[in-house]
Amino acid sequence: MIFLFNINPKKYSFFAIVLQCFFLFFAIVLILQLVRLQIFDHGELKEKASQMRQPLRSFTFRGEITDRNGIRLASDATLYDIYAHPKYYTKDNPPEKMAILLSPILRQPSDVILEKLNKLDASTITLAKGMDRDTITKIKKLQLRGLDLVKKSERVYPQGNLASHILGYVNTDANLFAGVERTGSKDLEELPKVQPVEYDGKGDVIYDFNTDPIYAALPLTGKRLVLTIDTTIQHVAETELSRMMSKTKAERGTVIVMNPRNGEIYGFAVLPSYNPNKYNKAKPSIIKNWVLSDVYPPGSTFKILTVASGLETGSITEDEKIFDSGEVKIDKWTITNYDYAKRGAPGLIDLRHLFMHSSNVGSLKVSLSIPSYEHYKMLRLFGIGSETGIDLPGESAGIIPPPKTWDKVKHATIGFGYSIASTPMQIASAVAAIANNGIWVTPHVIKYNKEESLKRLKTRRVLSPQTAVTMTRLLSDSIQYSDAKAGKIPDFRVAGKSGTSRKPNPHGAGYLPGQVFTSFVGYFPAYDPQVLIMVVVDNPKGVEIWGSTVAGPIFNNVAIETARILDLKLDAPGLNHKNKEN
Amino acid sequence: MVSSMKTAAYKKVKQSPMQNPIIRADFPVYEDVKQLPVFKFNRLLSCVLGVSILISIVSYSMVIAKENAIIAYHNKANDVNYDNIELQNKVDSARSFYNVNEKITKINFLKKPDKVLEVKAITPSPVVVNKSDKVEVQPISGY
């Protein structure tokens with residue numbers, strides 16, 4: 001060095017010391033700075049860093065909902081909200097110019113946009129919401145500073161009104177959900193477990209050695225929810241119900257199509273329906289799934305449970321003969337058969353006759369023959385008075401009075417479906433238990449795998465297999481030997497029962513004059529049941545308003561189509577070929 | 001002669017090239033700074049550092065270029081994905097029962113045609129079916 005700079009050794013030593021001191025000082029400053037950054041300012045800097053990096057994707061899609069055949073019933077679409085931030089306006093693009101440029105794209109008058117943009121005191125101004133990608137592309141090309149384009153997902157229901165009460169709707173802003181969107185929300189929001197990707201402040205991916213470019217570009221979507229619903233059966237059920245409701249000017253109606261073997265619901269029509277894409281325009285009374293939340297007196301369809309309970313408890317036998325006087329008086333109350341005025345007293349009847357002619361007197365006598373507590377226990381086993389546990393929200397437990405409050409009239413009327421109230425779903429699942437060899441299964445609309453089924457679905461034995469077979473025989477024979485067309489479908493034997501019950505006054509005691517619930521529940525093929533259909537029509541109007549004339553034709557038409565769609569094996573080829581309802 | 005040559009060589013190598021020395025003797029001479037092992041090591045380190053910096057610059061620019069390319073592909077892939085989602089939604093809506101029903105109700109199937117065109121029935125020429133046993137099949141070479 002001495003030679004290089006030609007300095008004397010003394011000066012060199014001094015220069016070396018100064019240099020060393022300088023480096024030492026510099027090193028100390030560096031160390032102190034590192035101590036400050038790493039120890040004292042650690043928390044603040046870490047927070048700043050986390051703000052600059054996005055450890056997870058902030059934008060994700062909710063999972064799709066499909067029917068059992070993979071047809072999409074709900075998915076997500078991408079929309080944008082446009083906001084302006086006045087503090088980032090530039091001199092090159094003043095609000096006046098921005099308003100003129102944005103007006104044709106946003107389809108808003110320029111003076112309206114200018115009025116919004118001129119709110120200079122506001123930190124954020126909402127310019128437009130729910131804009132599509134084409135609009136956003138045009139705005140991006142303008143390269144306007146001070147505009148914020150916020151991406152958001154919106155739920156889309158491509159099938160419109162179809163199965164609206166099952167699907168429900170999503171309002172993420174208000175955290176409101178209905179239908180399976182609510183019950184399946186956990187699955188729909190469950191994102192796949194993959195290597196996390198980090199993003200910078202601009203939203204670009206920060207690549208490192210572990211980043212998978214394919215994954216990084218894939219939209220992050222929640223788990224797909226597969227329903228047990230068959231879209232075609234659902235459509236048939238809604239169409240047939242709608243047709244009958246228009247014909248009879250009915251208020252409400254439902255058709256439940258289910259597999260009695262495993263509780264899977266193929267179709268669940270609830271009318272009137274709404275379009276989940278425009279759920280905010282529908283009335284709350286229409287959005288509500290009244291089939292699960294509201295109860296009704298099941299009427300004659302309940303005779304199935306009365307007779308089954310009588311047989312199971314041993315209170316009656318299959319060959320039981322009951323004296324039907326057509327009219328009985330119990331504690332000042334007179335109870336008659338619906339056809340008493342026309343047919344009078346039928347006399348000694350058997351159980352098949354009881355179902356064929358829907359004998360109220362016969363049913364009440366069967367009911368009274370069962371001890372109250374045992375009868376109550378049987379009905380509870382059938383699921384009356386408790387929620388079915390269906391995977392849809394808002395279910396009601398129904399009403400069944402405790403047996404100690406049963407007087408003779410109440411016990412008698414329970415026999416033909418009064419003094420109690422149940423949901424159509426409860427009746428459907430109770431009758432499904434008879435079809436399923438006496439085993440009750442939780443009805444459900446979400447398709448579960450084996451493990452989930454064991455966890456979520458409950459089963460219990462309600463009837464012995466012998467009683468179940470006896471009931472099927474009685475119900476099937478009563479349909480086949482009846483004069484009514486209800487339940488007679490080509491090539492299949494149906495086990496079922498119609499019902500007509502008076503509509504209770506919601507504002508007080510008694511019933512609404514001239515208003516009824518008509519219903520029909522049946523399953524087929526009778527001796528190897530694959531499908532159970534429950535139909536309830538609320539307050540149809542006309543001359544012949546009965547379960548067999550209003551709900552019956554809906555059952556028949558839905559059953560014929562369902563058998564065709566599911567390609568069921570014919571159990572009685574050639575049977576009932578003249579009975580297709582139009 | 002040999003010893004004088006050795007001495008001269010020694011002086012050339014070991015003695016400092018001092019001019020007009022006051023004392024003449026065989027003093028041990030300080031080595032040139034460029035000959036010091038530390039200098040050599042430093043020079044080696046400097047070379048390594050230089051090469052490292054060069055490699056870093058090249059690799060950094062390559063990584064940045066690659067990252068930009070990947071971001072461009074990422075954005076394109078995103079666009080395609082979103083387009084696909086939108087199109088799929090449109091297809092699902094178009095073929096939905098709801099949409100088909102709505103469209104069908106707008107069409108009056110029972111409307112009588114405004115005008116009926118009557119055309120002469122075309123009599124098709126009879127098809128002559130040759131019995132297979134009467135057809136002569138020409139043998140083809142190779143079969």
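Guide: Buried means under 20% relative accessible area, and exposed means over 50%. The model here is predicted.

Visitor: Is A:Thr467 buried or exposed?

Guide: A:Thr467 lies in helix H22 of chain A, residues 465-481. Its relative accessible area is 8%. The cut-off for buried is under 20%. Therefore A:Thr467 is buried.

Visitor: Which side chain makes a polar contact with the side chain of A:Thr467?

Guide: Leave aside the neighbours within four places in sequence. A:Thr467 is then in contact with A:Ala308, A:Leu311 and A:Glu312. The polar contact, at 2.7 Å, is with the side chain of A:Glu312.

Visitor: How do H14(A) and H22(A) cross: parallel, antiparallel, perpendicular or oblique?

Guide: H14 of chain A spans residues 303-313. The axes of H14(A) and H22(A) come within 10 Å and cross at roughly 140°. Angles over 145 degrees count as roughly antiparallel, and 65 to 115 as roughly perpendicular. So H14(A) is, relative to H22(A), oblique.

Visitor: How many residues of the contact of H14(A) with H22(A) are nonpolar?

Guide: H14(A) brings A:Ile304, A:Val307, A:Ala308, A:Leu311 and A:Glu312 to the contact. H22(A) brings A:Thr467, A:Thr470, A:Met471, A:Leu474 and A:Leu475. Two of the residues are polar and one is charged. The nonpolar residues number seven.

Visitor: Is B:Tyr73 buried or exposed?

Guide: B:Tyr73 has its place in helix H2 of chain B, residues 37-94. Its relative accessibility is 60%. Exposed means over 50%, so B:Tyr73 counts as exposed.

Visitor: What is the distance in space between B:Tyr73 and B:Lys34?

Guide: In sequence, B:Tyr73 and B:Lys34 are 39 residues apart. In space, C-alpha to C-alpha, they are apart by 54 Å.

Notes: Residues numbered from 1 in each chain as written. Chains lettered and ligands numbered in written order. Predicted model: local features only at pLDDT ≥ 70, side-chain atom pairs only at ≥ 80, totals over all residues. Heavy atoms only, no water. Helix = DSSP H or I, 4+ residues; strand = E, 2+ residues; numbered from the N terminus. Buried < 20%, exposed > 50% of the residue type's maximum accessible area, 1.4 Å probe, protein only. Polar contact = N/O pair within 3.5 Å; in protein donor to acceptor, adjacent residues only side chain to side chain. Contact = heavy atoms within 4.5 Å. Axes fitted to C-alpha atoms, helices over the stretch in contact; angles between N-to-C directions. Parallel < 35°, antiparallel > 145°, perpendicular 65-115°, else oblique. Nonpolar A, V, L, I, M, F, W, Y, C, P; charged D, E, K, R; others polar.
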